[in-house]
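These are my notebook entries on a predicted model.

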Amino acid sequence: MIEDPSIPLLDVNGVTLQYKTRDHLITATYRVNFEVLQSDRFVLLGSSGCGKSTLLKAVGGYLAPTEGEIRLKGVPVRGPGPDRMMVFQEFDQLLPWKTVKQNVMFALETSGKHKGRAAEDKAMQYIEKVNLAKFADNYPHTLSGGMKQRVAIARGMAMEPDILLMDEPFAALDALTRRKMQDELLDLWDDTKFTVLFVTHSIEEAIKIGNRILLLTPHPGQVRAELSSVARDCLLTDEARELERRIHNMLFVPETETETEVSHA
Amino acid sequence: MRSKEVIHQIVSASEFGVIQKKLSPWEAVYQISALRKAAILIVLALIWEFYARSVNNALMFPTFSSTMEAFYTGLMSGSLIVKAWTSIEVLLMGYAAGIALAGLFTVIAINSRIGTDLLETMTAMFNPLPAIAILPMAMIWFGLGVQSLVFVLIHSVLWAVALNTHSGFISVSNTLRMVGRNYGLRGFGYVGKILIPAAFPSILTGLKVGWAFAWRTLIAAELIFGVSSGQGGLGWFIYENKNLMDIPNVFAGLFSVIFIGLIVENLIFRTIETRTLRKWGMLN
């Protein structure tokens, strides 16, 4: 898709994000840099309050950086658009007044990607990919949480966006469904090699889903490290456990202690 | 002792019959809400009939059967139908205009802070003001015609509908808003395709409340200020028959008001609700 491979698909450069609450101006992230390449499964990992979701929303175009720039295929991001499809954590992200198929088709038709018959075919193609063909004419309220998330993923993927933005899509699911969904997402990736920016607060999930992991520390969110994950067939090995331990230490062992030691020395 | 692993074979569902017992006929009938409500109506009619017979004073409280008789005669002679239609015609004009204005107010309100403040202030001021209270002024401004009735109807519909629609828009979840914008929707497309369906539970409540307010206002206005533009409606029918001491006809008029109310609630609004909110699972 990209002509010049030296340009990253998504370039987040020195991005500071701030938002206002009723009486505070909050800095969510401070000068964050990272690059996502074509077909990356790029994970933003951090505990709550590290601004990872805010960062994802900024990539989605819902929030403009106060400093720095976000470029998609070299073009600065200005406002939301169907080239960056969001998958949210909340189950209510499906339009309740539309069936599964209509939900996917609505995205395709309103964004002008496909019309009529073509939209329907494209929608069914992706609904089949997430194994929900039997439920294509069901309304969302008749589906389980996991199925709703699969529809949301199908909807995102059917749009064939440049990048899929997933905001803790499995966080509200039970542990068993969650594991299943992670496997399914990876199978889908094997199938279409889509690029995804995935936000999570679970180290385990980050290692499993991602090929690159960006660690963010909280208040305000700053990049602590950018790591490569382990190969997918090494998930249960010592290598994965070692990575998990390293990430855990980088996120949770207080940096301030080591810093004060240094300053006293 | 417990260290041994135990793994069981799972019996497949096809190997045992799914236990499903049919409801008894009585239970099945009881499940149908229309029948339950019909039963309530019959009981109420019976109570009415027996009480009226015990009172035995047709001028104070006519029986259900004599009311029905008057109602039937009114229907057959066409006078009740003409009166009811006169009322409904005026009502629909006021209702439609009220809804249109409410839509306009709400669009202004969701687009700007000051618009929101305007709507909130106006509803706070005018919603508690009974429409009947402004009818005398309306008659001075617009004369004794349909216009003044439509004016007070607008007043009684507008604020209820605007208030509900606006609160519905406000409570649309942030996720759905973001989903809509993700598709590149903005302006009227965004309002029409995301906000209105998402806020539909509140909008429908507003429409129902607005309808009830309008109906009450109209009947009261006709009762108090009598005929307008040459031909009276149901309120006028009630008033006229009271003056003639034709009490069964008064009751027939009242019954018509109730009857139309029931039809609108149970047929029109219920059908809309079943086809939308219930189907979408947006009603708890």
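Entry 1: I then looked up the strands concerned. Strand 1 (residues 10-20) and strand 4 (residues 67-72) of chain A run antiparallel, and five bridges join them.

**Entry 2: the sheet.** I next traced the sheet in chain A, which is open, has four strands in the order 2-1-4-5 and pairs them antiparallel. Which strands stand at the edges? I noted strand 2 (25-36) and strand 5 (75-76) of chain A there; each has a single partner strand, so one side of each lacks a neighbour in the sheet. I also looked for a helix on this sheet. Helix 1 (residues 52-60) of chain A packs on it, touching strand 1, strand 2 and strand 4 of chain A. The direction of helix 1 makes about 115° with that of strand 1 of chain A.

**Entry 3: the two chains.** I then turned to the contact between chains, to which chain A gives 24 residues and chain B gives 20 residues. The area buried between chain A and chain B is about 2,000 Å², and carbon and sulfur atoms give 66% of that area. I found zero salt bridges between chain A and chain B. Eight residue pairs are in polar contact across this interface, with both residues at pLDDT 80 or more.

**Entry 4: the side of chain A that touches chain B.** I recorded that strand 6 (84-87) and helix 2 (100-110) of chain A each supply at least two residues of this side. Helix 2 of chain A gives the largest share, four residues. By kind, the residues of this side are 13 nonpolar, six polar and five charged.

Note on methods
Residues numbered from 1 in each chain as written. Chains lettered and ligands numbered in written order. Predicted model: local features only at pLDDT ≥ 70, side-chain atom pairs only at ≥ 80, totals over all residues. Heavy atoms only, no water. Contact = heavy atoms within 4.5 Å. Buried area = accessible area lost by both parts, 1.4 Å probe. Salt bridge = Lys/Arg side-chain N within 4 Å of Asp/Glu carboxyl O. Polar contact = N/O pair within 3.5 Å; in protein donor to acceptor, adjacent residues only side chain to side chain. Nonpolar A, V, L, I, M, F, W, Y, C, P; charged D, E, K, R; others polar. Pairing = 2+ DSSP bridges. Axes fitted to C-alpha atoms, helices over the stretch in contact; angles between N-to-C directions.
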